[in-house]
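Please keep the structure open while reading.

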Amino acid sequence: MTNKHTILSALKQSALDQHAMPAMDVVANNDDLVGQFNASLNTVAGTLHSEGGLAALQQAVDELIQQNMQVISLLDGIKGNRQVPETAHDLADIDYAVIPGELGVAENGAIWVNQPSHRVTPFICENLILALAKDNIVANMHQAVKQVALQPGELGLFIAGPSKTADIEQALVVGAHGACSLNVYLY
Amino acid sequence: MTELYTASGSKVHAHKADIFCRDETRVDWHSKALWALREKRDRAAGSLPEWEQLRLLGSQLKLHTLSHLAQYLEQFEQQCLSNGIKVHWASDAQQHNEIVHGILAKHKVKKLVKSKSMLTEECHMNPYLERHGIEVVDTDLGERIIQLANMPPSHIVVPAIHMKKEEVGELFHQQLGTKAGESDPLYLTRAARAHLREKFLTADAAMTGVNMAIADQGAIVVCTNEGNADMGANLPKLQLHSMGIDKVVPDMDSVGVLLRTLARNATGQPITTYSSFYRGPQEGGEMHVIIVDNGRTEMMKDKILAESLKCIRCGGCLNTCPVYRRSGGYSYNYTIPGPIGIAVGAKHDDTNSIPWACTLCGSCTYVCPTMVPLDKIIAHHRRLKAEAKRLPYGKGGYMPLVGRFMANETLMNTSMSAARLALRVLPGSLLKPFSGAWGKYRELPVAPESSFASWYNKNRSR
Ligand code: SF4
C-alpha cells in the first residue's frame with residue numbers, strides 16, 4: 001500500500017460525525033470604503049496617497065530617480081530607470097518597485113497583487129509602491145476572495161503594509177526581510 | 001529529586017516549570033509580554049461585531065473538512081498535479097524527512113532556507129538534514145535567534161519570546177559580529193536582515209510551512225509578517241512545502257474566514273503582512289508539497305481528540321493560558337507548548353504530567369478562533385491517562401481530594417465549571433500542590449462568581 005492509501009484508509013475509521021459546510025453570510029460594513037481602507041493601511045504601517053492619481057505617482061518616481069534611486073516599474077504607464085532583469089537575483093539592489101494592485105480590502109488594508117514578473121519583486125525591493133483603483137476596494141475578506149483572480153500555475157498575494165517583526169522583546173520593527181516601506185497611490 | 005524523572009530521563013512539567021519559576025522577575029516579564037498579546041487580540045476581536053460568528057464559521061468549516069478529509073485531500077492532490085505541483089504523502093516523521101532529503105539530494109542542494117513550520121519541528125527535520133550534510137537556515141527572525149542559540153522554539157508564533165533583548169544582542173555579537181553591548185531591537189533586526197539576505201540570495205532551495213491548502217484550487221497559502229517565506233520560495237528554483245493533513249480547506253471562501261481571525265487572534269493585527277497563494281511553481285522552477293499524517297489519523301479515531309485538528313496555530317491559547325505564561329514553553333515535553341500542545345502532545349509525553357499543566361479555566365477555548373474545545377480535550381487526556389493507569393508522580397495522592405469532582409460524570413463533562421468550583425471551595429493549600437510548580441509562587445486564578453453561582457443554584461435545587 002502506498003503512503004497515500006494508508007492515510008486515506010486510516011481516515012475511514014474517523015470518529016467524527018458528518019458536518020455540513022456552513023453558509024457564509026457575514027454582514028459587510030460598506031460605509032466609506034476609502035476611509036476604512038486608509039485607517040486600516042495606517043494600522044499596518046502603510047501610507048496612502050489619495051490625491052493626484054497616477055500623475056502624482058510618476059512625479060514621485062521621477063524625484064526618486066533624481067536622487068539616484070534604482071526604480072523598477074511593472075505598472076503600464078509608469079516609467080522607472082531599471083528593466084526587468086534576466087534573473088531574479090539581479091533585483092537585489094532595487095530601491096523602489098512599482099507594482100499594480102488589483103484589489104484593496106477596507107477591513108485590513110491588504111492589497112491583492114497578481115503574479116509579478118519575477119515573483120520575488122515585491123519582497124526583494126527595499127521599498128514597495130502599489131497603485132490601486134479607488135473603485136477596486138471591497139469591504140472585507142469574504143468579498144475579496146470571491147473577486148481575486150488566482151490563475152492556475154500562478155502566485156497571487158495579499159500585501160498589508162511593509163514587512164515587519166516583533167520577535168525581539170515584542171518591539172515592533174518595520175522592515176524585516178521584505179520591503180521596508182509601503183506607499184499606496186489611489187487613482 | 002529522582003522521582004521527578006521518568007525512565008527515559010524526561011522531567012515532569014512541574015519540575016521544569018519550577019526551574020523557570022525560580023527567576024520571578026523573568027516569570028513576571030514573560031507573563032506580561034504574553035498578556036500584552038492577549039490584550040491586542042481582545043482589541044482586534046472586539047473591533048469586529050461579527051467576531052463570534054467568524055469563530056463559529058471557522059469551527060464549522062473545519063469540522064466539515066475534517067469529516068470529509070479523504071475527499072478533500074484527493075481533490076487537493078488532483079488540482080495540484082494539474083497546476084504542475086508535485087505531491088508526496090508521508091505517514092510519519094521519518095518518511096517526511098526521507099522524502100524531503102530525497103528531493104534535496106536529487107537537486108544537489110547544499111543550503112536550504114526555511115520559514116516557520118511547526119510540522120518540521122515536530123518531525124525533527126533540521127537535525128536529520130544536517131546529518132546528511134545540508135545546511136538549514138531558519139529565516140524567521142525569532143527562529144533564527146533560537147537556531148543560533150541552539151534552542152527549540154518556546155512559542156509557536158513568537159518562538160524567542162523567552163529571550164531578553166540583551167541576550168539576543170550578546171548572541172548576535174558572538175555569532176553575527178554586531179557591536180558588543182548593543183541590544184536595540186531595530187539595530188539587531190537590521191543586522192539579521194543583512195545576514196539573512198545573503199542566505200536568501202545563495203540558497204539552493206526553500207522550504208515553508210503551510211497555513212492553508214485549498215482543495216478546489218490546488219494552492220497553498222503561506223502567511224508571514226517578515227516576508228521570509230516569500231523571499232525564500234521565490235529566489236531558488238526549488239520550493240518545498242510541508243503540511244499536516246489537517247491544513248486542507250475546501251475553497252477560497254474558507255480561506256476568507258480564517259484569514260480574518262488568524263492574525264487578529266495571534267498578535268492583534270488585522271491580517272499578516274503577506275498572505276501568499278502559491279498555485280504552481282515559478283517559471284522554470286519546481287514546487288513540491290509533502291502531506292503528512294504523523295499521528296493525525298490516529299487522533300481522528302477519538303471524537304474528542306479529533307477536534308484539536310481544527311487548530312490553525314494562531315498561538316492565542318498560549319498567550320491567554322495562566323500556566324503557560326508562568327511556566328514557559330520549555331516545560332511541556334513537546335515541540336508545541338501551551339493548551340494546544342497538551343491537546344496534540346499529551347500522548348507523546350512519557351512523564352504523563354502535561355495534561356495536569358492546566359487549571360481547566362477554559363480561557364483557551366474561549367479565545368480559540370476555531371473553537372477547539374481545549375479544556376474538554378485536556379480533561380479527556382487526564383481521563384485517558386488515568387484509565388491507562390499512567391498518572392504522574394504526586395497526582396495519585398491528590399486525586400481523592402478532588403475525586404468527588406473528577407468522578408462525577410456531570411461535572412467531568414462540564415470540566416470548566418468543575419475547575420472553577422474546585423478553585424473556590426478547596427483550600428489553596430490543597431490545590432496548590434495539585435497545580436504544580438506554576439502555582440507555588442502565585443495565587444491561583446480567581447474563579448468567576450457567576451459560574452459558581454450557577455453551579456450552586458443548580459445543585460442546591462436538586
Ligand atoms: S487551539 Fe485555537 S487558540 Fe490555540 S493555537 Fe490552535 S487555533 Fe489558536
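The points below are grouped by topic and describe a predicted model.

In brief, chain B holds an open sheet of 6 strands, the count of disulfides over all chains is 0, and about 6800 Å² is buried between chain B and chain A.

**Sheet in chain B**

- The strand order of the open sheet is β1-β10-β7-β4-β2-β3 in chain B, and the pairing is parallel.
- At the edges are β1 (86-90) and β3 (135-138) of chain B, each of which pairs on one side only.
- On average, neighbouring strands of this sheet are turned by 20° against each other, with direction ignored.
- Strand β2 of chain B, residues 111-114, runs parallel to β3(B) and is joined to β3(B) by 4 bridges.
- Within this pair, B:Val113 has B:Val137 of β3(B) opposite.

**Helices on the sheet**

- Chain A contributes helix α1 (residues 3-10), which packs on the sheet and touches β1 and β10 (286-292) of chain B.
- The direction of helix α1 of chain A makes about 65° with that of β1(B).
- From chain B itself, helix α4 (residues 69-82) lies across β1, β7 (238-244) and β10 of chain B.
- Helix α4 of chain B runs at about 145° to β1(B).

**Cysteines**

- Over all chains, 0 disulfides are found.
- B:Cys123 is in no disulfide, because a pair needs its sulfur atoms within 2.5 Å and the nearest cysteine sulfur, that of B:Cys311, is 16 Å away.
- With a relative accessible area of 3%, B:Cys123 is buried, because the cut-off for buried is under 20%.
- B:Cys368 also counts as buried, at 9% relative accessibility.

**Contact between chain B and chain A**

- The contact involves 94 residues of chain B and 71 residues of chain A.
- Of the area of about 6800 Å² buried between the two chains, carbon and sulfur atoms give 62%.
- On the chain B side, B:Arg193, B:Tyr274 and B:Arg279 lose the most area to chain A, and together they account for 10% of what that side buries.
- The interface of chain B and chain A is crossed by 8 salt bridges.
- A salt bridge is formed by the side chains of B:Arg260 and A:Glu107, at 2.8 Å from N to O.

Note on methods: Residues are numbered from 1 along each chain as its sequence is written. Chains are lettered from A and ligands numbered from 1 in the order in which they are written. This is a predicted model: local features need pLDDT of at least 70, side-chain atom pairs count only at pLDDT 80 or more; totals for chains, interfaces and linings use all residues. Side-chain values use heavy atoms; hydrogens and water are left out. Two strands pair if DSSP finds at least two bridges between them. Helices (H or I, at least four residues) and strands (E, at least two) are DSSP runs, numbered from the N terminus. Axes are lines fitted to C-alpha atoms, for helices over the stretch in contact, and angles run from 0 to 180 degrees between N-to-C directions. Contact means heavy atoms within 4.5 Å. Buried means under 20% relative accessible area, exposed over 50%, partly exposed in between (1.4 Å probe, protein chains only). Buried area is the accessible area (1.4 Å probe) that two parts lose on being put together, summed over both. A salt bridge is a side-chain nitrogen of Lys or Arg within 4 Å of a carboxyl oxygen of Asp or Glu.
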